[in-house]
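Here are my notes for you to read with the model open beside them. Take the points in order and find each residue as you go.

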Amino acid sequence: MLTQNAQTTLIPTARPPLVQIGPIYTCPVCGQQALGLVSWPVNPANPCKLDEWAAHIWYLRRKCGCRSRGRVARLGDCITPLEFTYDRSLTYEQRVEANIAALRAALALLATAEPVGAQAHPLGRGDTGQGGSNGNAP
Ligand SMILES: [Zn+2]
């Protein structure tokens, strides 16, 4: 039964951009602006392997009422929908592994989408902002 991941390599084409760059996010279902993000709830009484990834698993808070596609992978200000498997033919461990794999893939996608400005460029514009003017006007 090697049917796993047969679908994860399919790239949807008729959908809004998969990657959103915050801090404002919209519902991937209806496009309405989301209220914000809440992080993966780590429950010390019920530890999960996914807790290690808590910094990258978030949920859209929405007032539009859409229920699907609320889970996202997050890297910096970039998010993308994150689908977890609930395949009952898999063991719990297998599902966790599959979900971690999905998260890794999502983070890899986000890494390519992260805005260039988010990282300091050594050959950039030289010294920036040592006090002084804010550079409002040249
Ligand atoms: Zn919605």
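1. How many bridges join E4 to E5? There are four, and the two strands run antiparallel. If you want a spot to check by eye, find arginine 74, which stands opposite isoleucine 79 in E5.

2. E5 also pairs with strand E1, residues 20–21, through two bridges, and this pair is antiparallel too. Here the spot to check is isoleucine 21, opposite cysteine 78 in E5.

3. Now step back a bit. This is a predicted model, so keep an eye on confidence: the mean pLDDT is 80, and 70% of the residues reach 70 or more.

4. Among contacts with a separation of 6 or more, 54% are between residues 24 or more positions apart.

5. What share of the 138 residues counts as buried? It's 14%. In soluble globular proteins, nonpolar side chains tend to be buried together. In this model the largest nonpolar core has 14 residues, and Val72, Ala73, Ile79 and Leu82 touch the most other members. Strands E3 (57–61), E4 (71–75) and E5 (78–81) and helix H1 (92–113) each supply at least two residues of this core.

6. Setting aside neighbours within four places in sequence, its contacts are Ile57, Arg71, Val72, Ala73, Ala102, Leu103 and Ala106.

7. Last one: leucine 109, in helix H1. Why is leucine 109 partly exposed rather than buried? Count the other C-beta atoms within 10 Å: there are 16, while a residue needs 20 or more to be buried and 12 or fewer to be exposed. So leucine 109 lands in between, as partly exposed. Beyond residues up to four places away in sequence, leucine 109 touches Val19 and Thr80. Leucine 109 and leucine 18 are 91 residues apart in sequence, yet 9.3 Å apart in space, C-alpha to C-alpha.

Terms used. Residues numbered from 1 in each chain as written. pLDDT = per-residue confidence, 0-100. Contact = placed C-beta atoms within 7 Å. Core = buried A, V, L, I, M, F, W, Y, C linked by C-beta atoms within 7 Å. Pairing = 2+ DSSP bridges.
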